[in-house]
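Here is a short briefing on one protein chain. Look over the sequence and the model, then read the points by topic.

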Amino acid sequence: QNMFNRGGGVPSDPVQRAEFAQRWPAFNLSAAFQHNHKEHYRDKVPMEEQELIGNLGQTEDTSCHGCVWYSGESFEKRLRVPSKPPENTDPAARYDPSKSQKDRVAPPAHCSAAPAARTAGTA
């Protein structure tokens, strides 16, 4: 919204400005960022930055080839890509392709408290 041109602009009178602020609560002259600042859109890139822009030339294939999975107790062995996820004995970490975000279950109560709350009272 261009508040300076809307309905006669932003009033300079303090009482009228307070009424304007009531009517348009999102308007904030002291905000750190304002949308619609387009005065520099056509500026040339500074030479210092322009020198950093270039072509990479021939690169390796960066398209998705599948998930990267690791196996082993500390995930030391990388499986080939693509592959299915490794079996995991931890039921909390088991991958089930039939599940989706809607099947998500909240973590147990002892896992959801903030770290300070979990250790409070233990000395």
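Val 68 sits in the loop between helix H2 (47-50) and E1. Helices (H or I, at least four residues) and strands (E, at least two) are DSSP runs, numbered from the N terminus. Val 68 counts as partly exposed, at 40% relative accessibility. Here buried means under 20% relative accessible area, exposed means over 50%, and partly exposed is in between (1.4 Å probe, protein chains only).

The model is predicted: local features need pLDDT of at least 70, side-chain atom pairs count only at pLDDT 80 or more, and totals for chains, interfaces and linings use all residues. Residues are numbered from 1 along each chain as its sequence is written, and side-chain values use heavy atoms, with hydrogens and water left out.

**Overall layout**

- The chain has 4 helices and 2 strands.
- Along the sequence, the pattern reads α-α-β-β-α-α.
- Of the 123 residues in the chain, 7% count as buried.
- Among contacts with a separation of 6 or more, 10% come from residues 24 or more positions apart. A contact means heavy atoms within 4.5 Å.
- The chain's accessible surface is about 11,900 Å², and 53% of that belongs to carbon and sulfur atoms. Areas come from the Shrake-Rupley method with a 1.4 Å probe; for residues, only the protein chains shown count as cover.

**Nonpolar patch**

- Val 68 belongs to a nonpolar surface patch with Tyr 70, Phe 75 and Val 81.
- Together these residues have about 340 Å² of accessible area.
- Patches are made of residues with over 30% relative accessible area and no salt bridge; like charges are joined within 9 Å, and nonpolar side chains (Val, Leu, Ile, Met, Phe, Trp, Tyr) within 5 Å.

- Pro 82 lies in the loop between E2 and H3.
- Ser 83 is placed in the loop between strand E2 (77-78) and helix H3 (109-112).
- The relative accessible area of Ser 83 is 24%, so this residue is partly exposed.
- The side chain of Ser 83 reaches the backbone oxygen of Arg 80 at 2.9 Å.
- Ser 83 and Val 68 are 15 residues apart in sequence, and their C-alpha atoms are 7.8 Å apart in space.

**Ser 71**

- Ser 71 is part of strand E1 (residues 70-71).
- Its relative accessibility is 17%, so Ser 71 counts as buried.
- Leaving out residues up to four places away in sequence, Ser 71 touches Glu 76, Lys 77, Leu 79 and Pro 86.

**Cysteines**

- A disulfide is a pair of cysteine sulfur atoms within 2.5 Å. By this rule, the count is 0 disulfides.
- Cys 64 is in no disulfide; its nearest cysteine sulfur, that of Cys 67, is 6.7 Å away.
- Cys 67 is likewise in no disulfide, with the sulfur of Cys 64 nearest at 6.7 Å.
- Cys 64 counts as exposed, at 74% relative accessibility.

**Salt bridge**

- A search of the whole structure finds 1 salt bridge. The term means a side-chain nitrogen of Lys or Arg within 4 Å of a carboxyl oxygen of Asp or Glu.
- Asp 103 forms a salt bridge with Lys 102, and the closest N and O atoms are 3.9 Å apart.
- Asp 103 is partly exposed at 32% relative accessible area, whereas Lys 102 is exposed at 72%.

Notes
Polar contact = N/O pair within 3.5 Å; in protein donor to acceptor, adjacent residues only side chain to side chain.
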